[in-house]
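Here are my notes from a first pass through the model you sent over. Have the structure open while you read.

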Amino acid sequence: KRCGASIQCAKANCYTAFHVTCAQQASLCMKIEIGKNGDIVKSAFCDSHTPPSARKKLLQRLEEGTSGPESEEDKEEEVKEPQGGKEETPEMSAKKKGKGESKIVKRARKILEEQRATQAPVVNLPYIPQHRLDRISSCVSLHKKTQFIPKLVSYWKLKRQSRNGVPFLRRLQANSKGQKTTMAANLSEEEKQALFEQLSFWKALRHDLERARMLVELVRKREKLKREQLRMSEEISRLSLTPMEVVMKRILFKLMSKDPADIFAEPVSIEEVPDYLDVIKHPMDFGTMKQKVEAHLYPSFREFEKDISFVWNNAMIYNQKD
C-alpha cells in the first residue's frame, strides 16, 4: 500500500511523482542546498533524470536489484521488448535504460511494503460480549442509545488499537490503600504519638536545612558583590595614583595581542643572531617594556612612545636589503 505525501521530479517538463521513502530506499538523488539569497533549496530527481554525479550510485542499486529474483511485471516488460535482427538505436537503448532504472523504484516500494508488514505490532484488543454491552447500556439513559453505543464501541476499539492495546484508565490501587489503613488502625496510641513526633522532627530539620541553604546563598552573593566592589576600588585608586601606567599597560597589551607568533615578545638572542648588536644600537621588545612599566621607569609617555618606535625601526633596519 502506497502511503505518504508524494514529491515531483525537479527536472523541467517531468511530472514523475514518487514518495520520499521509496526514493530513499531506491537511492534516488535528493539534495538540499543553500541558494544565492541564503534560502534552502530542495531538489529531487527521478531515475530517468538523475544527475551524472549521482548516477553511479543509482546504477549500483540497479545491479543489486536486477541480481535478485524478478517479478512477473518485470518479466512481462522483457517479453514486450522487440526482438529480431534490428540494430538497437540510441533512443531504444535510452528507453531500455529508463525501463531498467524504473525497476529500482518498484523494488523499493515492494521492500518498504514488506518492512511495514513485518514491523506492524500485533495488538490484542479485548472483546466485549453483546450481553455485557446490553447490561451496560441498560444502566445509562441516553438520547438515541441504540445508535450511540455501537459508535462508542467502535471508537473505543480504534483508540485502543492506536495505543497498542494500552487501557485508558489505570486500575485503582485499592489493595495497597487498604493495607495502609489496616496497619494504621492496628497501631497503639503510643506508637502513633512516637511516629507523629518523628514526623515533626523531620519537618523541623527540613525547615532548618532550607533556611541554612538560603543563608549560604545570601552570603555567597554578598561576598561576590564585595569582591567586585574591591576590584573597582582598586582600579579607581590605580587610575588616580598612576594613570599613565594604566594607559601604558592597556596599549602594550593591545600591541602584544597583534603579535600572536610572539616575535617581539622577548629580546633577540645573541647566540642565534651574533651580529645583531653591531647593527642595532638600541634593542627593544615588548617583554622589556612590560618590565619597565611595572618598575615605574617611564618618566613620561614620550619615552614609552620612543621605545615602541625602537621595536618597529629595529626590525625594519636589520631585515632591510643589503
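1. Surface first. The protein exposes about 26,600 Å², and carbon and sulfur atoms supply 56% of that area. Bear in mind that this is a predicted model. Buried residues account for 18% of the 322 residues in the protein.

2. On to the overall fold. If you take the contacts between residues at least 6 apart in sequence, 58% of them join residues at least 24 apart.

3. Now the cysteines. A disulfide is a covalent bond between the sulfur atoms of two cysteines. The pair C9 and C46 doesn't qualify because 3.7 Å between the sulfurs is too far for a bond; the cut-off is within 2.5 Å.

4. Are those two cysteines buried or exposed? C9 has 7% relative accessibility, so it counts as buried. C46 comes out at 1% relative accessibility and therefore counts as buried too. The threshold for buried is under 20%.

5. You'll find D307 in helix α12, which covers residues 301-318. Why does D307 count as buried? Because its relative accessibility is 6%, and buried means under 20%. Setting aside neighbours within four places in sequence, D307 is in contact with M284, M289, K292 and Y298.

Note on methods. Residues numbered from 1 in each chain as written. Predicted model: local features only at pLDDT ≥ 70, side-chain atom pairs only at ≥ 80, totals over all residues. Heavy atoms only, no water. Helix = DSSP H or I, 4+ residues; strand = E, 2+ residues; numbered from the N terminus. Buried < 20%, exposed > 50% of the residue type's maximum accessible area, 1.4 Å probe, protein only. Contact = heavy atoms within 4.5 Å. Areas by Shrake-Rupley, 256 points an atom, 1.4 Å probe, with all protein chains shown as cover.
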